[in-house]
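Open the model in your viewer and keep the selection panel at hand. The stops below run from one chain to the interface.

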Amino acid sequence: MGIIRTQDLVYEYVRRDEEGNVEGSIRAVEGVNLDIEPGDFIAILGHNGSGKSTLAKHMNAILCPTEGCIWVDGKDTREPSELWNIRQTAGMVFQNPDNQIIGQVVEEDVGFGPENMGVPTREIWERVEESLKAVGMYQYRKYSPNKLSGGQKQRVSIAGVLAMHPKCIILDEPTAMLDPNGRKEVIRAVRALNEVERLTVILITHYMEEIIHAGKVFVMDHGRIAMQGTPREIFSRVEELKALRLDVPQVTMLAYELKKRGIPLPDGILTTEELLKALGL
Amino acid sequence: MIRDITLGQYYQIDSVIHRLDPRVKLGGTLLFIISLFFFQNVWCYLLAALFLAVVIKLSRVPFKYIVKGMKAILFLLILTVIFNLFLTPGTPLVTFFGGKVRITEEGLKLAVFMAIRLAFLIIGSSIMTLTTTPNNLTDGMERLLRPLRVFRVPVHEGAMMMSIALRFIPILLEETDKIMKAQTARGADFESGNLIQRAKAMVPLLVPLIISAFRRANDLAMAMEARCYRGGENRTKMKPLIYRTEDYLAYFCVALYLGAGVFLGRL
């Protein structure tokens with residue numbers, strides 16, 4: 001069984017009026033079946049309101065399914081006694097870097113998770129050091145988070161999750177509030193974790209460029225999984241992506257248009273180098 | 001202008017004062033503040049000034065940086081001086097408007113002492129917050145107040161709230177600045193008009209600020225839960241508080257200062 005598995009997962013947001021009567025409900029996640037293997041790099045893609053964040057919150061037991069089931073490392077998230085184990089197994093990084101850093105100094109923030117778990121003091125320090133080194137922020141350990149750039153803050157947040165020794169890390173649009181450089185920094189750190197530490201990564205995003213390195217991509221729309229496959233498979237279906245209001249990377253778009261005009265090119269070109277090679281330049 | 005408040009802002013540098021146990025700094029600051037209110041003569045104030053000067057020197061925080069934080073309370077300082085100057089009864093020194101308004105000798109003395117007292121108080125507590133990370137500070141407070149848990153006082157929760165509040169002060173200040181600029185760009189006027197008009201002008205500033213604060217609180221609570229936060233039980237410390245020789249020495253220095261104060265107070 002995979003590290004994260006869902007079966008017909010449904011989540012309903014219930015809207016209430018001022019007296020608390022049910023006015024209506026929105027199905028944010030609708031019958032999602034996922035099976036994620038340990039060590040995978042998964043990307044979940046979707047435009048705003050496609051239910052991708054809601055799905056992510058289930059993987060950390062912040063939300064519990066309305067219907068269906070989700071197992072994290074074989075544990076059912078509805079089991080209250082497993083709650084803290086699940087949150088430790090599946091760490092979560094959120095969108096806004098300012099709203100998830102608790103410590104006033106970088107190292108104190110990274111130590112927050114292990115402190116909550118009751119890890120002995122000496123080991124907390126070891127974990128903080130190794131986590132900060134893993135994301136390349138060790139030299140900033142004594143800094144105030146307010147003095148860091150967005151990308152650096154997000155890397156601190158990732159270190160904060162790493163220090164809890166998770167098996168899986170879920171990143172809920174970690175780059176949405178960053179500039180292009182910060183985005184690259186964060187994605188590079190995440191890839192390194194997946195490749196070096198063999199950590200399972202679930203990256204939720206709406207930036208196409210970030211999913212190129214993923215092993216498998218799920219595209220969500222209206223709470224359902226609309227497409228799935230490798231990045232190359234996904235990007236070769238340009239028309240479908242457009243129908244889902246998603247943009248493909250510029251290179252892929254260029255290759256697609258060139259092909260339509262009769263230039264022989266393979267489907268799903270992902271990088272500039274690939275295109276150059278295919279064109280024989 | 002808002003960014004000038006240094007109270008609650010940690011100044012990153014390595015010094016003897018920075019390394020002291022927060023309990024020492026908390027206790028020391030408290031005793032220092034209390035001592036200020038008992039001191040009556042010039043000698044005592046000289047002693048307090050000397051004590052502060054030594055601590056500032058040891059803390060390696062630039063004096064300019066500390067003074068910058070004082071600007072925020074300048075208004076309070078002036079108000080206190082004015083009230084003391086004009087409202088203290090005693091032998092008149094100068095009179096205006098045919099004796100209706102007057103400055104008395106006692107008032108002058110009190111105003112000067114009050115101003116010095118307040119200034120010292122702010123500098124003293126600024127040094128504490130500048131040299132101690134808020135986390136450390138609340139740790140110290142949590143530890144000092146721990147006995148109150150017997151009476152079911154939520155000491156850990158209080159300390160946690162405090163440290164979060166401190167962490168978000170600079171973020172919310174920055175946000176205030178941003179909203180202010182955004183509203184100014186759309187024609188809001190924060191500068192002119194009388195006091196009531198200006199207070200009213202704050203509404204378009206405060207509403208978005210409070211909404212955003214709530215949103216942040218919600219996000220933060222979720223992030224804390226995601227990182228296994230479940231209150232103070234079974235929680236270990238990354239930086240446990242342990243007294244070292246320097247800390248006992250610091251206690252001794254504070255005691256020495258208080259002793260000297262009592263001695264000088266009798267002069």
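This is a predicted model: local features need pLDDT of at least 70, side-chain atom pairs count only at pLDDT 80 or more; totals for chains, interfaces and linings use all residues.

Residues are numbered from 1 along each chain as its sequence is written, chains are lettered from A in the order in which they are written, and side-chain values use heavy atoms, with hydrogens and water left out. The model scores ipTM 0.86 and pTM 0.77.

Select residues 1-7 of chain B. Here pLDDT stays under 50.

Domain 1 is 1-132 + 244-267, and domain 2 is 154-235. Their C-alpha centres lie 29 Å apart.

Now show both chains. In contact (heavy atoms within 4.5 Å) are 39 residues of chain A and 30 residues of chain B. The buried area (accessible area, 1.4 Å probe, that two parts lose on being put together, summed over both) is about 3,300 Å², with 53% from carbon and sulfur atoms. Pick Trp84(A), Asn99(A) and Gln104(A): in chain A they lose the most area to chain B, together 21% of what that side buries.

Last, look for salt bridges (a side-chain nitrogen of Lys or Arg within 4 Å of a carboxyl oxygen of Asp or Glu). The interface has 5. Zoom in on Glu107(A) and Lys239(B), whose side chains form a salt bridge at 3.0 Å, N to O.

Conventions:
pLDDT is the predictor's confidence in each residue, from 0 to 100. Domain bounds come from an automatic or database domain assignment.
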